[in-house]
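User: Please take a close look at one part of this model, the part you start from, and then follow its connections into the rest of the fold. I would like the criteria behind each term stated as you go.

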Amino acid sequence: MFDLIKELRKNDDTGELFVVGGISKTKVEELERKLNITFTNSYKEFLMEFGRVIGYGVDILGCGQSGEASVVKETLRYRQFGLPNQFVVIRDIGEWVYCLDTTNDGVISWDRNSQNYKKVCNSFEEYICDTILEAKEDWDDEE
């Protein structure tokens with residue numbers, strides 16, 4: 001899984017793709033307890049292999065090796081605004097957030113003002129790869 005990120009990371013001569021580093025299965029389980037949910041297998045794999053990915057203007061939330069868990073912090077913050085418990089914030093872009101739906105591995109966009117959400121991708125892996133690739137293409141076009 002996540003072959004695109006592995007390939008971009010390997011061939012990133014610009015230093016624009018930053019992978020924080022994976023975390024242990026024990027740490028993943030700790031994050032799940034803090035959020036009172038079970039992550040999907042793909043998100044668990046993402047956390048254990050990459051932790052968090054930042055690049056080309058995109059930040060896919062997760063947890064760094066230091067133990068700082070942006071995914072927990074942002075998810076708990078947005079739950080205060082009414083984010084349903086099955087959603088985990090994976091990307092905050094201001095007006096709305098993108099969330100992993102832990103019931104089916106899909107990704108939704110959620111608007112805190114209207115409390116509405118819509119499905120934007122069928123799987124977390126598809127979402128992250130599409131998002132990073134599109135951001136890289138935009139980044140390359142600007143140079």
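Analyst: The part to examine is the hairpin of β4 and β5, which has four residues between its strands and in which Gly94 takes a positive phi near 95°. Because this is a predicted model, local features are reported only at pLDDT of at least 70 and side-chain atom pairs only at pLDDT 80 or more, whereas totals for chains, interfaces and linings use all residues. Residues are numbered from 1 along each chain as its sequence is written, and side-chain values use heavy atoms, with hydrogens and water left out.

Strand β4 (residues 87-92) and β5 (residues 97-101) pair in the antiparallel sense over five bridges, where strands (E, at least two residues) and helices (H or I, at least four) are DSSP runs numbered from the N terminus, and pairing requires at least two DSSP bridges between the two strands. At one of these bridges, Asp92 has Val97 in β5 as its partner. On the other hand, β5 also pairs with strand β6 (residues 107-110), in the antiparallel sense and over four bridges, and here Val97 stands opposite Trp110 in β6. The strands β5 and β6 form a hairpin as well, with five residues between them, and Asp105 in the turn has a positive phi of about 70°.

For context, most residues other than glycine have a negative phi. Two further residues other than glycine have positive values, Asn36 with phi near 60° and Gln115 with phi near 65°. Asn36 lies in the loop between α2 (25-35) and α3 and counts as exposed, because its relative accessibility is 69%, with exposed meaning over 50% relative accessible area, buried under 20% and partly exposed in between (1.4 Å probe, protein chains only). Gln115, in the loop between β6 and β7 (117-121), counts as partly exposed because its relative accessibility is 34%.

By these limits β5 is mostly covered, with five of its five residues buried. Both of its faces are involved, with Val97, Cys99 and Asp101 buried on one side and Tyr98 and Leu100 buried on the other.

A search of the whole structure finds nine aromatic pairs, a pair being two rings of Phe, Tyr or Trp (its six-membered ring) whose centres lie within 6.5 Å, with planes under 30 degrees apart called stacked, over 60 edge-to-face and the rest tilted. Among them, Tyr43 and Phe124 are edge-to-face, at 5.2 Å centre to centre and with 80° between the planes; this pair links distant parts of the chain, since Tyr43 belongs to helix α3 (residues 41-49) and Phe124 to helix α5, 81 residues apart. Both Tyr43 and Phe124 are buried. Tyr98 and Tyr127 form a tilted pair, at 5.3 Å centre to centre and with 35° between the planes, and this pair joins strand β5 to helix α5 across 29 residues of chain. Tyr98 counts as buried because its relative accessibility is 15%, and Tyr127 is also buried, with a relative accessible area of 6%.

Tyr43 and Phe124 also belong to one aromatic cluster with Phe39, Phe46 and Phe50. Leaving aside residues up to four places away in sequence, Phe46 touches Phe2, Gly51, Arg52, Val53, Ile60, Leu61, Phe124 and Ile128, a contact being heavy atoms within 4.5 Å.
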